[in-house]
Each structure stands twice: as C-alpha cells, then as structure tokens.
Amino acid sequence: MKIQVNAKNRAYQFTAEGGQRILYAGLATGIKLPYECGSGTCGTCKARLVGGRIDDTWPEAPGRKYLKQPGEFLMCQSVACGDCSLEVPNFVYNMDPGACVPAICRGTVARPRLLARDVMAFSVELPVARDFDAGQFMVMRVPGVAGYRGYSMVNFERSAKKLDFVVKKKSGGGVSDWLFNGNVDGEQVELFGPLGSATFFPNLTRNILCIAGGSGIAGMMSILERACQEHYFDQYHGYVFFGVRSMKDAFYLEELSRYRSVFPQKLHVNVALSDEDVPAGAAQRYPQLAFDAGLVHEVAARHMKGRYQNIRAYLAGPPPAVDAAIRVLLLEARLTTDNIRYDKFS
Amino acid sequence: MKVLVARSGDEYFACQAVCPHQDVALCEGLFDGTVLTCHQHLWQWDIRSGAPRGLAEAPLECYTVEVDGDSIYIASPGALYVGELFSGIAEKTLAEINALARREEFTQGGTLYNVGDPAEDFFVLESGRVEFLIGRDDRTSPAGFMLRKGEVFGWAALLDSQPSRIAKATCLEHSTLLRINGREALKVLESDPASGYVVMRRLSSLIARYLASSGAR
C-alpha cells in the first residue's frame, strides 16, 4: 500500500505492508516521522487522515487523549486499508546518514532471571546482528499479548546479536504477566527498532547526569557501558542517580560498582531509597556506591547543587519522577532544553 | 477561545492556552516569570513577545493585556504582529509594514499564485489554510502547508532578484491573508537597518527550515 505523508516542509511517499503500522513503515524507510513512545501512550505521532481508510488497532490507546480534531489518529497504532494520504503538522526530514534505521526483527527469549522481587531481566537473541545507539529502545510484541510495548536496551555493542532488557512487574500489564507468570525461555518475540532520541555519543564533550527511577535504569546502563568502553570518564564527570523504593528493590548494584571501580575519580553513583532509611550495612556491602533516603529527583538536586556546568542530562522512569526531574533541571539548574533528554512514555 | 493568563510580580501576560505543537494545555507547563515551557516536549517561549526559544519550532500567540482595577482586558493582535518574521522589530517600522498590508479573502479552492508567476508580494496568513504544490499539470506533489496565524509564505518577493514562483499556492478553506509588496517592504527595512537585519536573519532561518535536511539544520 502506498502511503503519502504531507509534512509542513514537503511530502514523502513510502509503502506499508498489510498489517504494518504506518509509523513503523515510514521509520523503516528512513523518514523521521514524529514519535516518542511508539506504543500508543504519548500522542506525539498524531496525524490527520486526508484520503483513504485506516484501521485503528487500539482504540483505547491512552495517547488518543491528545487527538482533538476530526480525522486525527495515532500513526503507531494504525494500519492502512489500501492507499492513504495523511498530514503531519511537523517539519519532517530524512534520517541522518549513519543513523540506525529501525526495522522489524524476530528473536528468541533467553535467560529470563529475577533481579529483584518484581524486576525481571531477559535477553533476546537475534538471528541477524543489529546496531543501535546507547539509550535507545525497541518496541516488542510477545505471544498472546496484543500490541507493542517499549523497552530500553541495557547492553551496548555494535552488531549486537543479543539485546538485554529489564521489565518491572505490573499487575494487569500484558507483557509483565507473560514474563512473570510462566517460563518464557525460548519463546519467539517480534521487535521493531531501534527507536528513541535520548541517546549518548562519546563526542558529546559534556559531563553527563543520569536520573533514573526503577527499570528506567535500563537505558542508563547502556549509556554507561558505551561511555566506559570509550573511557569517557577519564575526561568528563558522570553523575548517576538511581531511585528505588527500598534496598530489596535495587538491582544492577554490582554492575554499577564495577563501572565506578574503573573510573573512581569522575564517575559518581547514588542510590536513592524512597520508602526507607538507608539500612545499616548498605555502604559496607557496596563500598563503591553512595546511598541516600528520598525521592531520586530530590537526592539528585541536593547532590548536584553547584555542579551543573556543562551538563547533559538523561532521564527515565515513571512519568511523575521524570516530570519532577525536568522541573528541577529547568527551574533550579537552568539547563537548556536541548541538554535534557528523555523519551516520553505517557 | 482559550487564553492562558500568567502573572509575574505585578505584571500580567496572556497567550494562547494550548501549545502550537501538539495542542497540549500550557497551564500544566512551567513558568519562571519570563519563559513559559510546555511540559510535554519542552518547547519554550518568551512570554513577553511569544518568540520561540530552544527547541520550539513555532512562536506563541501572545495577546496585549490591560489591567483596569479588578479587570484584565485582553486583545488579539493582527497576524503581522504574531508571526515570527517581524516579532521584536521597532514599533514604527512594523507599523509602516502594516500600512503596506492589504487584507484579502479567498474562498475554498482559490489560487493565490501559480508556478512561474512573478513573485512581487509575500503573504501572512490570518486565518484559514493554504497548501503548496510543486510540479506542473498532472505531475504535481504537495510541498507543505500553512495553517497558523502569522505564518509567512511567498517570501521569494523579499529576495533581491525576485525569482518567479516555484510552487502553486491554493486556499484549502476560506482564508484571510495579508498581502504585502516585497519591494515596498524592503524599502521600509532599508530605512531601519537594525530591524531589517533581524528580519533577514529570521527569513534565512525560515528558508533553511523548509529547504534543509535535518543534518544541515
């Protein structure tokens, strides 16, 4: 099916296969259509249908609350029924040379393992190697669950044949139920990506600040992996704030300790506990890490005072935590908006 | 019409209540007394002028405010005062350009100009919707559209050589436009080079946004 997109600056044509989401078809052609979550929650990929017919695969998608005018729809949730033309009220460009152009791929789930009482890690092994940038995510479709959900890669390597993910348990969450209520080892999943613009490149030449809540640490681990591979923290500071409810909910503390032991001068890692005081023994168990009681954005604001020079911030986690961190970074730290990176999932 | 009223000290400001990007309610955003930030994608504006800052790709429509006792009066300015091209230039110069503007109404389907027409005038959209097509006869393809009050097009009329039109401009719905003669506008700008410089800087970034690829931005 031929899809025509009329953008503010020009028109684009691409083809979509039957059942393929319009957004994914366009992105896979290398056209930078507007999106953030790619999974029906943020509303950023809204477009207006000018001609043809579309099928909305998820009429209850939360992102539909951003649709205001007749004919508007979410490109990430819609498939074309025949040729279509649509209008996007944005400036749209082709992807830059060297960008990791997203594509559909299938993979096999391997080594699902519990990291904390309600956090599961697993890998997806790919038959064909894929490239992605540190901080990016994939949308994933699992057997028996309708629709795609976004998960950030934890690992970082070029030509990756394995992608690592973490998922937090959420009752009533389709993918979460699939993962926590059965043995998923060896199951086939479908992925589309890589997606997302909260990316880190070693030519950034800025100190980096990562503020993550819960499973939001996933993308930060990829950023830290890439930065450590490149010895980025020989030259620049890295400030990592990882918020969890209690010590029982914390994970990746060994990995974070290992990164810090290699770059003890410039890499700083604070774990913020929101629901309990720092237990005695935490500091002895993880001598490389610092522990604080409080919400992660408050702990970050306390420690970062006076250290906001030349900072690029990366944020991830539950939307209220991300919003609170944005508030601190804009109003207190006075960062410019291009130095605050996150992908909105609400 | 929804209006956002913000207070900074004793001063009041008024602007459109939804973000020009994704129709998000701006009252949920952040305001530091000068800069208004939409919480959704961090577009920012100077609330005194509506001028975009940082990531914002469009200006914010700001209204003039008068406080009289317990009442706040808000007035919507003309399209010329809302658009990106002329915001912030000297009041006298803007008034002179405004004096050159002729308001014209077009019915749905009305053509403003065709490919190859001489480019003597440029246009500022007041209301409605204008679409552009490039190519000729049956081999045409869409080349963008205008739908926001204050958007400027037909800017070839502001170039020295006044190249002929490269696109066809059609009103997709009943539209009101300000038509301004390019040479006359340039004369006004020449008499006030400081304002002229601001307008030319804005014009060049406007052209770049339409013509450039993302890597060249």
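Strand β14 of chain A, residues 207-213, is mostly covered, with seven of its seven residues buried. This is a predicted model, so treat what follows as a tour of a prediction.

- Which residues of β14(A) are buried on each face? On one side they are A:Asn207, A:Leu209, A:Ile211 and A:Gly213, and on the other they are A:Ile208, A:Cys210 and A:Ala212.
- β14(A) pairs with strand β18 of chain A (residues 311-316) in the parallel sense, over six bridges. If you want a spot to look at, find A:Cys210, which stands opposite A:Tyr314 in β18(A).
- β14(A) is also joined by six bridges to strand β15 of chain A (residues 238-244), and these two run parallel. Here A:Ala212 stands opposite A:Phe242 in β15(A).
- To get from β14(A) to β15(A), the chain passes through helix α3 of chain A (residues 217-229), and this β-α-β crossover is right-handed.

**Chain A as a whole**

- Chain A has seven helices and 19 strands. Its radius of gyration is 20 Å, close to the 20 Å that the globule rule gives for 346 residues, so chain A is as compact as a globular protein of that length.
- Picture a box of roughly 65 × 45 × 35 Å along the principal axes: that is what the C-alpha atoms of chain A fill.
- Of the 346 residues in chain A, 47% are buried.
- Take the contacts in chain A between residues at least 6 apart in sequence: 71% of them join residues at least 24 apart.

**Domains of chain A**

- The peptide bond from A:Gly193 to A:Pro194 is cis, with omega near 5 degrees. You'll find A:Pro194 in strand β13 of chain A (residues 188-195).
- A:Thr205 isn't a glycine, yet its phi is positive, near 55 degrees. A:Thr205 sits in the loop between β13 and β14 of chain A. Is A:Thr205 buried or exposed? It counts as exposed, because it has 11 C-beta neighbours inside 10 Å and the cut-off for exposed is 12 or fewer.
- A:Arg334 is another non-glycine residue with a positive phi, about 55 degrees. A:Arg334 lies in the loop between α7 (319-332) and β19 (340-341) of chain A, and with 9 C-beta neighbours inside 10 Å it counts as exposed.

**Chain B as a whole**

- Chain B has four helices and 16 strands. With a radius of gyration of 18 Å, close to the 17 Å that the globule rule gives for 217 residues, chain B is as compact as a globular protein of that length.
- The C-alpha atoms of chain B fill a box of roughly 55 × 40 × 35 Å along the principal axes, and 35% of its 217 residues count as buried.
- Among contacts in chain B between residues at least 6 apart in sequence, 61% join residues at least 24 apart.
- Chain B is assigned domain 1 (3-76) and domain 2 (81-216), with C-alpha centres 25 Å apart.
- Seven residues of domain 1 of chain B are in contact with seven residues of domain 2 of chain B. The domain 1 side of that contact has four nonpolar, two polar and one charged residues.

**Where the chains touch**

- The contact takes 22 residues from chain B and 24 residues from chain A.
- On the chain B side, β13 (139-146) and α4 (193-211) each supply at least two residues. The largest share, five residues, comes from β13(B).
- By class, the side of chain B that touches chain A has seven nonpolar, eleven polar and four charged residues.

How values were computed:
Residues numbered from 1 in each chain as written. Chains lettered and ligands numbered in written order. Predicted model: local features only at pLDDT ≥ 70, side-chain atom pairs only at ≥ 80, totals over all residues. Contact = placed C-beta atoms within 7 Å. Nonpolar A, V, L, I, M, F, W, Y, C, P; charged D, E, K, R; others polar. Rg over C-alpha atoms; globule rule 2.2 N^0.38 Å. Buried ≥ 20, exposed ≤ 12 C-beta atoms within 10 Å, placed from the backbone. Pairing = 2+ DSSP bridges. Right-handed = clockwise from strand over helix to strand, strands pointing away. Domains from an automatic or database assignment.
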